[in-house]
Amino acid sequence: MKLNTGSRLRTLACGASMAVLALSVGGVANAQESEVEEVVVTGFRASIESAIAEKREETAVVDIIKAEDVAKFPDNNLAESLQRVPGVSITRAGGEGRNITVRGLGPQFTRVRINGLETLTSTGGSDADGGANRNRQFDFNVFASELFNSLAVRKTPSASTEEGSLGATIDLTTSRPFDFRKDAAVLSVNYGYNDLSKKWDPRFAGLFSKTFFDDTVGILGSVAYSKRNVREEGFNTVRWAEGTSSGGFCSPLGFDTNATQAGQQFNPGANATIGSSATNCLVGEPRASTAAEIAAYQRANSPASWHPRLPRFARLDYEQERLGITGSVQWKPTDRTTISLDYLYSDFKGDRRENYLEAISFSRAAASPEFGKPYMIVREFETDENGTLTYGRFDNVDIRIEAREDELRTIFTQYTLSGTHELTDNIRLSGMYGTSKSSFKNPVQTTITFDRANQDGWIYDARNDPEMPNITWGFDYNDPNAFTFGNANATGTVRPSEIRLRPQFVRNTFDQAVGDIEWEFNDTFTFRAGAVWKKYVNDGQEYRRSTEFAIPTLPAGTTMASLAQQLSGFGKGLDGDGIPEGWVVPNFDAIASALNIYSNTGTFQLFGIENTNARGSFRTITEESRAAYVQLDFDTDALPWRLRGDVGVRYVDTDITARGYTFAGGAPVALTVPNSYKNWLPAANVVAEVTPQFLVRGAAAKVMVRPGLGALNPGGTLNTTGNLTVTAGNPRLLPQVANTADLSFEWYPGGKSLVALGLFYKKFTRDFTTVRLTGPYSSFGLPESLLVGTGRTPNDETQFTTTVNNDSGATIKGFEANVQMPLTFLPERFGLPEWTGNFGVLANYTHFLGKQENCPSTPVNGVCPNPFRSQRLNASEGAYNFTFFYEDEKLSARISFAHRDEYLTASPSANAGLFGSANRLEYQDADFVPATDTVDATISYQLTEKMRVSLEGINLTDEPSRQYNDTEAKRIWTNHHFGRQYYLGLRYSF
């Protein structure tokens, strides 16, 4: 039976028991044809064997994961399933997978399609997890995994593959009624338990599929619901700062900061000048300037000394609910025609509460009344060989309780109408129209702080454990009366508290129409051609108060105790001394009621484009593209080896309209900028069957990746005071372009196992870089209307910071090793018991290297392109996965281990130029996540013919989430853990 790949995938999915895991390297799902036998896979081992059989007939490079049973995916999260694929790594948020990286290229380089339609989903996260998704990366945690029956990771394109990715195109496929050989119905019930949150969480899924009228009409519906309570606890620093940043520390009273020798003093008891500034230390009792205190001050203010910017303990509580629904109706009016209507709905709701106990003055510049770093007195200060603070004793430390509450919701809907028709025995037509919308709402993002002034005796001690320091606070942080809540007073005894209100919204919509024709000339050649129209719109908004420090007078009789509540039970599973068991935190409901903070009136009125800090989030990017392709598939035995593959070219015409806002003449100004570009994208894939068991696969293509949404925003800032400066996006950016090549060697011992080695190479011929250009205002294409009323002219010299295209010379190369081996040979070859033949292994390893050509000797406008790694974030040099499994007629068990090398999250560091000297990047080269190892396991048993019980364990080693600053010094930024997750489940097939 001859099927196109899309039909073949659906055929492999049929049966009451579906493939659990199919890792293959080959074919493009909607592009290639192959001769395969219709098979029914019935378990983990069978799924591996069917994947190997399918792989042999493919041409391009694709890895596939299948549902192991009806409405049952191998992992509870799609991203976590994808990490089992060679070359794929994931980033987590809230303890579960959120985004993926493929072959060293971040989420923005990967494109996702659901049932053939390109989509984009956005949700929110904590600041450490990247916050709200406003770019092109796909958030996989929006969907319940039970809604899908297969994932395909397409690493090399054919001309028929839609453009826009360099890492991979991910195809997610939901079930359809014609996927099944007979009517199906299944119900699964799981209860999960997290050993840190101590919560039991339900998870339900069900599917019903039935055909009518001699299998010419079919209907299918599925639903999945889950509730998840996760607790995250640990220590973090919110980056690191130099001793000299924010005005430096206060010197000990009576110490002359111009003195060169320890012990030199002048005017004992008076306020000493801080460095070269005129700000004075806080007035207080005279303190002796001992030699130790003077030395501590000098070390603390050395440009080579570094301290936590905001040392704090953190608890984050997540309450999440997912509801997913799919529906499908299929109709075969004739034997040659199939029409499908598919629906997908997901409602992902979350409530995140963050609570921090922190020393805020380490990150505060001096202000009136006296607070911030310049009023802190350094009593003792010790550093390691990298200048990192390991021990310090400080006076005049400002302490803060910071609490944040987020209400998050993402609603995703998609409708797809598709059909195929065999016009003749060798001509086939197919088409699709679909629309999808992802609407992310964060209507409540509220931060409230309690503050305490001038605490003496605050001690930071990281000598025994730099990742979980011992902190002595010097007061009772469980007493609400130890804090204040209000505006700063003139004496400096009350610090300014904050109420931040920052609701925000992101919407992504896609409309798409596709038409294809396939003409089989003969047994050797097949001609394909097609066209695609697509319209994508991204829209974002954010709102803020005019000032977040304004706290109205509290109602009469209001006390701190009435506005506070107690956080307790902190620190389970954290090693180290000096970890608090809890602290007092704001009561959001009580404060909202007392001050009416959500009234959107008075001091709590919210502003959008009028607010400087919110304006950059207002943008609308509209992309409309038209593409067409031609492709020739071939399959011949005329040569000494069987040779098959495809060769073709794709043409893409893209129009962009970018709308954003800047501020000029005392008012917001809307900017709308059009752009267009055209691309020719050739591609070829070829497979040589050297022997029936040994294949060589090659691919080459030219690919494009559209610019990031933030980089396209024409809005920005215009400063006409002093030097004329402009910071803005660049809607006229052209896409990144790269040439790619792949070569793989695949061996199929016995036809049921796989040993493969794949090599890949990518070279960027057009890239992006951020530059600061200098020239007349008129030379940058900005509207002259922005200068009206400013007294500036279009001829004035301007510094313009933006993103531009460049030839970075960047290259990426690496290899993937993949083994899939059922160990059925053990009994016969080694004389072992028969049951040992039920074992098997899956293993893969990926190695990635990247480099960029050196900066030109004469950079444009004195600016070099960004370092290579600033463009290739989230890329681990090495990653591997290993699964060891056992399966017989009743029992199925497996344990999986996933390792990922360290990877960069920012380069240069997010610190650079913010909390220290901008010229000291040798101390701020990058922020990074260290190597991680995760272990998951599952075991299930078939109680009856229709009932199966299972037990799953996720993150069994409680692997923490860590982030560091500076690749040499390795200063801890975040050290949080989430606990272990267990699921006990029961499945029943009707």
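Student: Is strand β6 (residues 110-114) buried or exposed?

Tutor: Five of the five residues of β6 are buried, so the strand is largely enclosed by the rest of the structure. Buried means under 20% relative accessible area, exposed over 50%, and partly exposed in between, with a 1.4 Å probe and protein chains only. Strands (E, at least two residues) and helices (H or I, at least four) are DSSP runs numbered from the N terminus. The model is predicted: local features need pLDDT of at least 70, side-chain atom pairs count only at pLDDT 80 or more, and totals for chains, interfaces and linings use all residues. Residues are numbered from 1 along each chain as its sequence is written, and side-chain values use heavy atoms, with hydrogens and water left out.

Student: Which way do the residues of β6 point?

Tutor: T110, V112 and I114 point one way, R111 and R113 point the other way, and all are buried. In a regular strand, side chains alternate between the two faces of the sheet.

Student: Which strand runs parallel to β6?

Tutor: That is β9 (residues 168-174), joined to β6 by five bridges; two strands pair if DSSP finds at least two bridges between them. R113 stands opposite D171 in β9.

Student: And how many bridges link β6 and β7?

Tutor: Three bridges, in the antiparallel sense, join β6 to β7 (residues 117-119), and I114 stands opposite L117. The two strands form a hairpin with two residues between them, and N115 in the turn has a positive phi of about 50 degrees.

Student: What does D342 contact?

Tutor: Leaving aside neighbours within four places in sequence, D342 is in contact (heavy atoms within 4.5 Å) with N115, R176, G327, S328, Q414, Y415 and T416. D342 lies in strand β16 (residues 337-359) and is buried, with a relative accessible area of 2%.

Student: Changing topic, which residues of helix α5 (residues 588-595) are buried?

Tutor: They are F588, I591, A592 and L595. Seen down the axis of α5, these fall within an arc of 100 degrees, so they line one face of the helix; the arc is that of the directions from the helix axis to the C-beta atoms.

Student: What do the buried residues of α5 pack against?

Tutor: They pack against β19 (397-422), β20 (427-455), β23 (499-501) and β28 (583-586). The face turned away from the buried side carries the exposed residues D589 and S593.

Student: Which residue follows α5?

Tutor: N596 follows α5, and its phi is positive, near 55 degrees.
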